[in-house]
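Opening my notebook on this one.

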Amino acid sequence: MASQQPIGSGQADLPPVDIKPLLTKLWPVDTEVTPDEIAEAISHFFTNQVTEAQTASLLMALHFTKMDFRADVLAKCAHVMMQAAAPIPTAELRQVLERRGRKEGSYGGGLCDIVGTGGDAHNTFNISTTSSILASALLLVSKHGNKASTSKSGSADMVNCMQPRAPIISAVKPDSLVKVYSATNYSFLFAPVFHTGMRYVAPVRKQLPWRTIFNNVGPLANPVDDVLEARVIGVGRRDLGPAFAEALRTAGCRKALIVCGEEELDELSCAGPTLCWMLKEKTPGGEISVEHFKVSPSDFGFQPHPLSEVSPGKEPAENAEILRRILHGEMPEDDPLIDFVLINTAALLVVSGICESNTSDMGHGDDGKVVTERGPAGQRWKEGVRRARWAIKSGEAWKQWQAFVDVTNEIGA
């Protein structure tokens, strides 16, 4: 047992755990170190049983040995992180999703997420959060997010600044999820509310100048994983793409797209090619394969735009105002930022399967002209853009956002 007290030991009832034997094996790297050993050590982080010094040491060791890039390590650590999360009322949630889910094409009405690892140093606008709200016009969305760790404006930071009224994201808890999804297609899952054990790790992460394994594990650990149908995950390092795809495949995920802009961007890039790894069923309900390919802005019907043109480096309140303008259709259609958002929204719509529909009954503002053209990996990327544009023009994305704001304020009152 460790002689030091673990982080915040006054709150802990469990005895300290000494991970020094594992640390000794990690440098120089011992080939016999297993993913299970690493995951077990990390599981004790969430119960406040490891000292701050040993927590930091393990995070640093995984970073510099690049073991936090290994698919088996990521999969095991994501598993223990989800095991430690607050339990979700899965059966009741399935019932409300079945009642409200809009099944279309090969989309079954389940929850969808779009998220990035962060740490790509580009500090762009909150693309995945904006795309998640647009996608909720047609999909049931469960956006997993947090406050900034490596950028100026994290997803939660921006959302908390929204006008004319912000949602109360802390009101979204396991016991309120059913009420939230009874009122809206959209929900923001604030990571600290669901992954409560991360409060013991947060102070250590803030003191380290590098990304840690939690940048990589967080996007793999959506709290509602059991009812998550499809996801897009952006990674800030291209060598993470295959690892993420394999981690998801081994965990049983059936619909996912891992993306990395060629400039090491954790979004689909509006500036040039994006590397993609797509999980696809070889046959319905059968084996899952991973297809690697590239997409470019032209595959979505756009010209490329430098990242410098898409509002990088702004504060949360500034980004929130940009988001409000996008949802109200107040941004010029030829604004490069709109292209950036539409590309990423389209990707989530494509992965969900809804773009496989050959009919269009979206309603207000819908021209009914399904784009059947197929691009890389045989997908209808331009149909995704058409639907994403409709989400703005119809006002449906703003409607779902407002319903989310209203229900969370009601719950949090």
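Predicted model: local features only at pLDDT ≥ 70, side-chain atom pairs only at ≥ 80, totals over all residues.

Why is helix H6 (residues 127-135) largely enclosed by the rest of the structure? I looked up burial, and nine of the nine residues of H6 are buried, so the helix is largely enclosed. Buried here means under 20% relative accessible area, exposed is over 50%, and partly exposed lies in between, with a 1.4 Å probe and protein chains only. Helices (H or I, at least four residues) and strands (E, at least two) are DSSP runs, numbered from the N terminus. The buried set in H6 is Ile127, Ser128, Thr129, Thr130, Ser131, Ser132, Ile133, Leu134 and Ala135.

Residues are numbered from 1 along each chain as its sequence is written, and side-chain values use heavy atoms, with hydrogens and water left out.

**Strand E5**

I checked E5 (residues 256-261) next: six of its six residues are buried, so this strand too is largely enclosed by the rest of the structure. In a regular strand, side chains alternate between the two faces of the sheet. For E5, I find Ala256, Ile258 and Cys260 pointing one way and Leu257, Val259 and Gly261 the other, all of them buried.

Then I looked up its partners, where two strands pair if DSSP finds at least two bridges between them. E5 pairs with E4 (residues 228-234) in the parallel sense over four bridges, and isoleucine 233 stands opposite isoleucine 258 in E5. From E4 the chain goes through helix H12 (residues 241-250) to E5, a right-handed β-α-β crossover. Right-handed means that, with the strands pointing away from the viewer, the path from the first strand over the helix to the second runs clockwise. With E6 (residues 274-281), E5 runs antiparallel, joined by six bridges. I noted cysteine 260 opposite leucine 275 in E6.

**Strand E1**

Five of the six residues of E1 (residues 111-116) are buried, so I call E1 largely enclosed as well. E1 and E4 run parallel, with six bridges between them; leucine 111 has leucine 228 as its bridge partner in E4. E1 also pairs in the parallel sense with E2 (residues 140-145), over two bridges, and there cysteine 112 has valine 141 as its partner.

**Second largest pocket**

Which residues are closest to its centre? A pocket is an open set of points on a 1 Å grid over the protein atoms alone where a 1.4 Å probe fits, with protein on both sides within 12 Å along at least five of seven lines; lining residues have an atom within 4 Å of a point. The lining has 29 residues, and Met82, Asp225, Asp226, Arg231 and Ala251 are the closest to the centre. H4 (71-84), E4 and H12 each supply at least two lining residues, and H4 gives the largest share, six.

**Cysteines**

How many disulfides does the structure hold? I get zero, a disulfide being a pair of cysteine sulfur atoms within 2.5 Å. Cysteine 270 has its closest cysteine sulfur 14 Å away, in cysteine 260, too far for a bond. For cysteine 276 the closest is also in cysteine 260, at 9.6 Å, again too far. Cysteine 270 is buried at 1% relative accessible area, and cysteine 276 is buried at 0%.
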